[in-house]
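Hello,

Here is the structure I said I would pass on. Please open it alongside this message; my notes follow below.

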Amino acid sequence: MDFPTFEAELRRIGGTVQVFAAIGAALRLHQSQQQADPAIQSRLLAAVEAVLPGALNGLNPQQVSEALAYMTFQIGEATELFHNAGRPRGWVCQDPAVLQALGQASRQNIRTLMALAATRPSLAASLAGRFLDVGTGVGAMALEAAEQCPSLQVVGIDIWQPSLALARSNVAASPHAARIAIRPQDVTELDELAAYTLAWLPVPFLPRAVVEAAVHRLAVALVLNGHLVAGLFAVPTDKAGVALTALRVVRNGGDMWDIGEIEQLLSARGFVDVETCLTPQTIFVIGSRSSLDRSLSR
């Protein structure tokens, strides 16, 4: 590619960045019910309307909040990449706004699980017991689970102190605080036996060796017929989307997995009825604990 073509492509792609920012700005003004300078606001809304006609009409507060959470995290992660391209791989995010935004976006995982449980009685039963939220972050999934499932007891574990501090604050401010425990805990050192009916494992944020060890530990920690749900990012079908997803996963300390590898890992650890459920944002690989084989703990 010659430089004039490269430059033209940069300008084209740069325009999409401006569009993304304009949509986010319009949503923020809508959420806060603020008015910008009249001339600027009219141009801002015109720009959004030119790209997404009618998209902002009729959005309810929750939809606005969820859209902003997604955009906040995307912009925060992109900014960190731009400024710190040379850093070692691993999770480094400390920005409270970005951490909270990631947590807000993760609440959808619980809503999806609830929808899946509507046609899976055994999974629904697991949502009425004790839930282990591995990599709880700011506690958003734990809070959503407690809100959606009134009888569910929730334990959220993580090793990232900036997230844990926010999680404790979020839980303390919640009406469900009595049913949620947040604790610093490495999943590879989990030593509980038959303590949970459901466990969530966020595969993209964990190194391969940690995922393998975690599945082993969680097999021991789940009750008979308890469920492990391994979540992976849905991979786009376009070449650029595939490459960017892999960059995001590896840079944040995780590894790329084929769905079949996760299914085999669960089966090898004694999980049965392993199935994969595809959604636009997340892939869920779900397995049921078939026995309480004590040899797994050795």
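**Notes on the model**

Asp-273 counts as exposed, because its relative accessibility is 66% and the cut-off for exposed is over 50%. Please keep in mind throughout that this is a predicted model. Asp-273 sits in strand β6, which covers residues 271–278. Its backbone has a positive phi of about 50°, although Asp-273 is not a glycine.

Asn-225 is a second case of a positive phi in a residue that is not a glycine, with a value of about 70°. This residue belongs to strand β5, residues 222–233. With a relative accessibility of 47%, Asn-225 counts as partly exposed. The reason for noting such angles is that most residues other than glycine have a negative phi.

**The chain as a whole**

The chain contains ten helices and seven strands. Its radius of gyration is 21 Å, close to the 19 Å that the globule rule gives for 298 residues, so the chain is as compact as a globular protein of that length. The C-alpha trace spans about 65 × 50 × 35 Å along its principal axes.

Of the 298 residues, 41% are buried. The accessible surface of the chain is about 15,300 Å², and carbon and sulfur atoms account for 59% of that surface. If we take the contacts between residues at least 6 apart in sequence, 71% of them join residues at least 24 apart.

As for charge, there are 22 positive and 26 negative side chains in the chain. The centres of these two sets lie 4 Å apart.

**Aromatic rings**

How many aromatic pairs does a search of the whole structure find? The search gives five. One of them is Phe-3 with Phe-6: the ring centres are 6.1 Å apart and the planes stand at 50°, so this pair is tilted. Both residues are in helix α1 (residues 3–32), and because they are three residues apart there, about one helical turn separates them. Phe-3 counts as exposed, at 54% relative accessibility, while Phe-6 is partly exposed, with a relative accessible area of 39%.

Trp-200 and Phe-284 also pair, with ring centres 5.9 Å apart and planes at 55°, so that pair is tilted too. Trp-200 is in strand β4 (residues 196–202) and Phe-284 is in strand β7 (residues 282–289), so the pair ties together parts that are 84 residues apart in sequence. Trp-200 and Phe-284 are both buried.

There is also an aromatic cluster, formed by Trp-91, Phe-205 and Phe-233.

**Around Val-64**

Is Val-64 buried or exposed? Val-64 is buried, because its relative accessible area is 1% and buried means under 20%. The residue is part of helix α3, which covers residues 61–83. Leaving aside residues up to four places away in sequence, Val-64 touches Leu-27, His-30, Gln-31 and Leu-59. Gln-31 and Val-64 are 33 residues apart in sequence, yet their C-alpha atoms are 6.9 Å apart in space.

Regards

Definitions and conventions
Residues numbered from 1 in each chain as written. Predicted model: local features only at pLDDT ≥ 70, side-chain atom pairs only at ≥ 80, totals over all residues. Heavy atoms only, no water. Helix = DSSP H or I, 4+ residues; strand = E, 2+ residues; numbered from the N terminus. Rg over C-alpha atoms; globule rule 2.2 N^0.38 Å. Buried < 20%, exposed > 50% of the residue type's maximum accessible area, 1.4 Å probe, protein only. Contact = heavy atoms within 4.5 Å. Areas by Shrake-Rupley, 256 points an atom, 1.4 Å probe, with all protein chains shown as cover. Lys, Arg positive; Asp, Glu negative; His and termini not counted. Charge placed at Lys NZ, Arg CZ, Asp CG, Glu CD. Phe/Tyr/Trp six-rings, centres within 6.5 Å; stacked < 30°, edge-to-face > 60°.
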